[in-house]
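I opened the model to go through its sheet and its helix packing. These are my entries in the order I made them.

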Amino acid sequence: MAASSDRIPPPFPDTEEPGAGPGDMADGDSDEGEDIFVNNRNPVAVSRGVSQPGNVNAEPPDVFRGGEEARSTTNRSNGVHSDDDNDLFAEAHVKSGSSARKELSTSSGPPPSSSFTQSPAAMQPTSLEQLEEEEDEDTFDVDVAVTNPEKVGDGMNAYVAYKVSTRTSLAMFRSKAFSVRRRYSDFLGLYEKLSVKQSLHGCIIPPPPEKSVVGMTKVKVGMDDPSSVEFVERRRAALERYLQRVVSHPSLLQDPDVRDFLEREELPRAVSTQALSGAGFLKMINKASDAVNKMTIKMNESDTWFEDKFQEVENEEQQLRKLQAVVDSLVNHRKELCGSTAVFAKSMAMLGNSEDNTALSRALSQLAEVEDKMEQLHQEQAASDFFIFAELLADYIRLLGAMRGCFDQRVRAWQRWQEAQSTLQKKREAEAKLLWSNKPDKLQQAKDDITEWEARVTQCERDFDRIGMTVRKEVLRFEKEKAKDFRSQIVKYLDAMLQSQQRLVKFWEAFLPEAKAIA
């Protein structure tokens, strides 16, 4: 029996499916919120004929009747890329080295030994090139939109309900177009269910938008307040991006809870959602990482691919946080510029009214009008900076946190494997003692225990290999989606800035003759 530290983990199996275990989630429920992948990538086929409870609205929602105009409006408001855009950047590639499956060893001395029987499927190598080909074959025909936020109830018991419209030609759904009403806690409840079932497999679960007690309290007190309207629109766009990422994942789309969320007229009230977003989500990720760091059996990662990717994730998260702070500063600067421009325009108008020279008075008054237009332009640029960049960065900071959770799940699977090997070694030592002490009455039970733990060790090994393959697929998918998202948003930002500057030039060109006419 070779020691686990001397064993080279087998190639990834193609057909095994990991066992799912329940995940621990923190309790707490609140609808006072604010704003902002999970079986294997080769999921076991889910029955397409599942009957979904509840009534479905078969009429096509208005949000999809606008053709390209509706699509461009949705893309502009929520910041999710369109698949019709032409690539401006090369797609992300993950390099596969010859050391992609090196040995794993522990730092706490020689581990227990055990032997394994590998299935033929486990002996078939799965390269990253093959994973990339599988990604290219994934096609989805599901369009979701979150629209029409509506305040329900009065006072502190009030909440905002959103219209979730779906259009699809997939046979797993009961109709081609339908819509339901969902509140914010329903979105958090969906994330909770997906995390319990899917995160243990090493998949990236798109995180929901953050909560904000302050923002939601303003909405409950007065819906017509400008800051409340802005908050609701930010949340609506964030919820739409969240759902679009969920339905674009090949495994999540086939999850029954996702189909229930999209089709079922009424859902059970979601609970235990307090820790599922915002600071609670970050605490949950950090707590999971701390638990991995405190493991009694430390994993000395010698697979350079996982080691390099994990370091890349941490570095990228730090850089995105820095960029997010800069973008927030830029948005605040533009808002301050709006206020200053408004004051300047008002003062210029007052000066024009008090001027006796007719030509000068007219020129000053028109200058004030130009400054009023520039104030509106600055407001649009501030909103563009926020919705195009700030929200995108916030989304990917959360996604990188979810990706770190995938790496942690792989480490936990490795630890379970090592612990099973350690227990198996102890069982064998106990059998040897029974042989030496000549106790045949207990020998059969010892043999049965050894057989049981050999099976457990084999299953833990397969689970570890399977999670590793899933993490590779998820990283590949994440990098491709990230390149598309950032490409789309950069192009959108450049278009917005170009149109803004063109309008600015027209304003000044129209004012120039008046300035020259001053006698």
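Predicted model: local features only at pLDDT ≥ 70, side-chain atom pairs only at ≥ 80, totals over all residues.

I looked up the strand order and found an open sheet of three strands, ordered 2-3-4, with antiparallel pairing. Strand 2 and strand 4 are the edge strands; each has a single partner, so one side of each lacks a neighbour in the sheet. From one strand to the next the twist averages 20 degrees.

Entry 2, strand pairing. I took strand 2 (residues 142-152) with strand 3 and counted nine bridges, in the antiparallel sense. For D143, I found R167 as the bridge partner in strand 3. I then followed the hairpin of these two strands, which has six residues between the strands. In that hairpin G153 takes a positive phi, near 85 degrees. On to strand 4 (residues 177-183): seven bridges join strand 3 to this strand, again with an antiparallel run. Here I checked T166, whose bridge partner in strand 4 is F178.

How many of the 10 residues of strand 3 are buried? I read off eight for strand 3 (residues 159-168), so this strand is largely enclosed by the rest of the structure. As a reminder to myself, side chains in a regular strand alternate between the two faces of the sheet.

I located M216 in helix 4, which spans residues 213-221. Is M216 buried or exposed? I have M216 as buried, because its relative accessibility is 2%, and the cut-off for buried is under 20%. I also looked up the separation of M216 from A158: the two are 58 residues apart in sequence, and their C-alpha atoms are 9.5 Å apart in space.

I found helix 5 (residues 226-247) lying across strand 2 and strand 3, and running at about 150 degrees to strand 2. On the helix 5 side I listed E233, R234, A238, R241 and R245 as making the contact. On the helix 9 side the list is F386, F387, E391, L392, D395, Y396 and L399. Sorted by class, the contact of helix 5 with helix 9 has six nonpolar and six charged residues, and no polar ones.

I looked up the packing of helix 8 (residues 304-354) on helix 10 (residues 440-516) and noted an angle of about 25 degrees, with the axes 13 Å apart. Helix 8 passes helix 10 in a left-handed crossing. From helix 8 I listed W305, F306, K309, E312, E316, L320, L330 and R334. These meet G468, V471, R472, V475, E479, K482, F486, Y493 and M497 in helix 10. By class I have nine nonpolar, one polar and seven charged residues in the contact of helix 8 with helix 10.

Notes. Residues numbered from 1 in each chain as written. Heavy atoms only, no water. Helix = DSSP H or I, 4+ residues; strand = E, 2+ residues; numbered from the N terminus. Buried < 20%, exposed > 50% of the residue type's maximum accessible area, 1.4 Å probe, protein only. Pairing = 2+ DSSP bridges. Axes fitted to C-alpha atoms, helices over the stretch in contact; angles between N-to-C directions. Left-handed = near helix turned anticlockwise from the far one by under 90°. Contact = heavy atoms within 4.5 Å. Nonpolar A, V, L, I, M, F, W, Y, C, P; charged D, E, K, R; others polar.
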